[in-house]
Amino acid sequence: IINMESTPKEISEIQNKRGGVSTNFASLEYFIAQFITLHYFKGPNEKFLAEVFEDEYFSFGLLAKILDKVLQQYPQEYEKFPMQKLRRLQRLRNIIVHALLKSSVTLDEKNEGIQDIGETYFHHAGKDHKVIEIFKEYEKLRATVQPAIASLPGINEKIERIELKSEENNI
């Protein structure tokens, strides 16, 4: 067990990146839910979002399945939407957020602290995944999936309003 107070900088950076991935993916899920809500209600419906999509038992798999069905009604968007990349992105998010962080540790001669940490892995579903490779793949897929979500009908306008609102709060 590694004492978090003596954890090297690299481990802390990984933990910070994990939080960033979790936050990023939550925003992607939110905008997908917004798109579905706009499709069915022809406008925002915060009560529906809160009671259905934000319910603790509502899964991403179900959200993606509904998105797939709704997108079929928008043939142009359906053809170009990277659904498989979205599903892979979610799998990577699960690995990053839920996996055990594992690395070889070399203690100093007196066993009082950590001298060196070897390559770090996410241990998930019985497999080791190199941390750096998982983060790189997540970023590569996010760079494709996020703009695709932002360009869904009605969503780009919603994102722009949220960005403007947050800029106003920072002034």
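Modeller: A residue is called buried under 20% relative accessible area, exposed over 50%, and partly exposed in between. Keep in mind that the model is predicted.

Colleague: Is Lys102 buried, exposed or partly exposed?

Modeller: The relative accessibility of Lys102 is 34%. The cut-offs are under 20% for buried and over 50% for exposed. Lys102 therefore counts as partly exposed.

Colleague: Which residue forms a salt bridge with Lys102?

Modeller: Side chains of opposite charge can pair when their charged atoms come close. For Lys102 the closest N and O atoms of the pair are 3.0 Å apart, and the rule asks for a nitrogen within 4 Å of a carboxyl oxygen. The partner of Lys102 is Asp128.

Colleague: How many residues apart in sequence are the parts that this pair ties together?

Modeller: Lys102 lies in strand β1, residues 100–107, and Asp128 lies in strand β3, residues 127–130. Asp128 is partly exposed, at 38% relative accessibility. The pair ties together parts of the chain, and their separation in sequence is 26 residues.

Colleague: In which helix do Glu51 and Lys47 lie?

Modeller: Their side chains meet in a salt bridge, with 3.9 Å from N to O. Glu51 and Lys47 are both exposed. They are four residues apart, about one turn of the helix, and that helix is α2.

Colleague: Which residue forms a salt bridge with Arg142?

Modeller: The closest N and O atoms of this pair are 3.0 Å apart.

Colleague: Is Asn24 buried or exposed?

Modeller: Asn24 is in helix α1. Leaving out residues up to four places away in sequence, Asn24 touches Tyr138, Arg142 and Gln146. Its relative accessible area is 16%, so Asn24 is buried.

Colleague: What is the relative accessible area of Thr37?

Modeller: Thr37 is also found in helix α1. Beyond four places away in sequence, Thr37 touches Lys42, Gly43, Asn45, Phe48, Leu49 and Phe53. Thr37 is buried, and its relative accessible area is 0%.

Colleague: What is the phi of Lys42 near?

Modeller: Most residues other than glycine have a negative phi. Lys42 lies in the loop between α1 and α2, and Lys42 counts as exposed at 69% relative accessibility. Its phi is positive although Lys42 is not glycine, with a value near 60°.

Colleague: Which loop holds Ala125?

Modeller: Ala125 has a positive phi of about 55° without being a glycine. At 63% relative accessibility, Ala125 counts as exposed. Ala125 lies in the loop between β2 and β3.

Colleague: Which helix gives the most to the lining of the second largest pocket?

Modeller: This pocket has a volume of about 170 Å³. Its lining residues include Ala26, Tyr30, Leu49, Phe53, Phe60 and Leu63. The lining divides into eight nonpolar, one polar and two charged residues. Helices α1, α2 and α3 each supply at least two residues, and the one that gives the most, with four, is α1.

Colleague: How far apart are the end C-alpha atoms of helix α5?

Modeller: Helix α5 covers residues 83–98, and among its buried residues are Met83, Leu86, Leu89 and Ile96. With 16 residues at 1.5 Å a residue, α5 should span 22 Å. The distance in the model agrees, because the end C-alpha atoms are apart by 22 Å.

Colleague: What share of the residues in the protein is buried?

Modeller: The secondary structure comes to seven helices and three strands. From the N terminus the elements run α-α-α-α-α-β-β-β-α-α. Of the 171 residues in the protein, the buried share is 35%.

Definitions and conventions:
Residues are numbered from 1 along each chain as its sequence is written. This is a predicted model: local features need pLDDT of at least 70, side-chain atom pairs count only at pLDDT 80 or more; totals for chains, interfaces and linings use all residues. Side-chain values use heavy atoms; hydrogens and water are left out. On a 1 Å grid over the protein atoms alone, a cavity is a set of points where a 1.4 Å probe fits but cannot get out, and a pocket is an open set with protein on both sides within 12 Å along at least five of seven lines; lining residues have an atom within 4 Å of a point. Grid points are joined across faces, edges and corners, and a volume is the space filled by probe spheres set on the points. Ala, Val, Leu, Ile, Met, Phe, Trp, Tyr, Cys and Pro count as nonpolar, Asp, Glu, Lys and Arg as charged, and the others, Gly among them, as polar. The expected span of a helix is 1.5 Å times one less than its number of residues. Buried means under 20% relative accessible area, exposed over 50%, partly exposed in between (1.4 Å probe, protein chains only). Contact means heavy atoms within 4.5 Å.
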